[in-house]
Amino acid sequence: MLDHHLDALFQAAADRDPDRLFEHASQLYAATETADRATLSAVAARFGEVFDLVPPGVGARLGIVAGALAERGADPAPLAEPLVEQLTGLLEQSARFAAAWRSATGEEPPEPDDNDPGWLPSTAGRLTGLPEREAFGLADAWASVHMAHMPVLSILQLSPEVRAGLPGRERLAAALSAVADDREDLEWLAGLLAVLEDEHLIVLHRETGRGYEVVIGGIGDNFQLHTLLADVVSGPSDHGLIEGVQPDPEWVMAATDGDVDPEDGPVHGQFNLVDAYGKWIWNEGVPADIPKLDGVRVVVLDPPPYARSWSPGRRYPMMPGVIRLERILPSDEAAAWMSRIVPEGGGE
């Protein structure tokens, strides 16, 4: 049955019949409701081949089904390349649209209106100086890029392997950067591209002089990092850990792979996070913002200067946060790191 739906999908793509294409895509997704992971993954792998056969605007709509298959349990890896390539092309076209729009109108680029069937032709019509077909293509890309980025959000959250080895990452990041100021709706994607995987941090507790090496992955912001750092260094002092900083287990679960909206809250901050150069590490930032010292990001744990609290959870609900205490630093190694960090004093 699934092969039948896939065959019909590819035939509709070959016939350039979008109505049949979307009908069969919907039927295919419905038919996978009870499929196991292996079957879902096989379907997704073949589904990913259809993007080469359809124009980007049609592919953006098909991408929603691809992302839904991944969310249902399919291996997202085979979908990464076609979805990223499609999105990157639309972003590059969107940058051209924004430049052409400003040149033609002197205005800021408009917000697409999916509910107005006249938006696309009227918008394309204002791109004076461009051939009609080119103007329509640029406007269509501008309108399609939001939908095209949604399945990429899904696969990036679902797979650390995809995040670590994303095909076409540099080109995608450059294309995203070119439109970032005009497309606030894409900021979540920019955040996901900055997520660190298998990243080693040196964590220093200034008050005790103790140091730790931890490994993180899938952490979307420093609120989440703050909670997980407090958990991983918490424990008996005679074990080399820090007493009195243990966060509520529900907050920790919400920051890893548990319920993102637990009953217990808000989270209470245990530290003031400071970098190796004495600047505050703001919770609103991301781990990738933390500067390196000799190739390693360093986090210093200081007493909180005032009470801080925030809602428990994860910025990206489908992405489990990971932290592992790799080792407790020997006292001489911790002292060597402590001797190289700048006293806290910047960032207020």
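Author: Asp294 sits in the loop between β5 (292-293) and β6 (296-302); helices (H or I, at least four residues) and strands (E, at least two) are DSSP runs numbered from the N terminus. This is a predicted model, in which local features need pLDDT of at least 70 and side-chain atom pairs count only at pLDDT 80 or more, while totals for chains, interfaces and linings use all residues. Residues are numbered from 1 along each chain as its sequence is written, and side-chain values use heavy atoms, with hydrogens and water left out.

The phi angle of Asp294 is near 55°, a positive value in a residue other than glycine. Asp294 counts as exposed because its relative accessibility is 59%; the classes are buried under 20% relative accessible area, exposed over 50% and partly exposed in between, with a 1.4 Å probe and protein chains only. Asp198 can be set beside it: phi of Asp198 is likewise near 55°, positive in a residue other than glycine. Asp198 belongs to the loop between α10 (187-193) and β1 (199-205), and Asp198 is exposed, with a relative accessible area of 54%.

Of the 348 residues, 49% are buried. With a contact defined as heavy atoms within 4.5 Å, 71% of the contacts between residues at least 6 apart in sequence join residues at least 24 apart. The protein exposes about 16,400 Å², of which carbon and sulfur atoms supply 51%; accessible areas come from the Shrake-Rupley method with a 1.4 Å probe, and for residues only the protein chains shown count as cover.

Charge is the next topic. Lys and Arg count as positive and Asp and Glu as negative, with His and the chain ends not counted, and each charge is placed at NZ of Lys, CZ of Arg, CG of Asp or CD of Glu. On that basis, the mean positions of the 25 positive and 57 negative charges are 5 Å apart.

Side chains of opposite charge can pair when their charged atoms come close. A search of the whole structure finds 16 salt bridges, each being a side-chain nitrogen of Lys or Arg within 4 Å of a carboxyl oxygen of Asp or Glu. One of them joins Arg46 and Asp7 at 2.7 Å, N to O. This pair links distant parts of the chain, with Arg46 in helix α3 (residues 37-47) and Asp7 in helix α1 (residues 2-14), 39 residues apart. Arg46 is partly exposed at 27% relative accessibility, as is Asp7 at 42%.

In another salt bridge, between Asp185 and Arg183, the closest N and O atoms are 2.9 Å apart. Asp185 counts as partly exposed at 26% relative accessibility, whereas Arg183 counts as buried at 6%. Elsewhere, salt bridges that share partners join Asp15, Asp17 and Arg20 into one network. Arg20 is partly exposed at 28% relative accessibility, and Asp17 is partly exposed at 23%.
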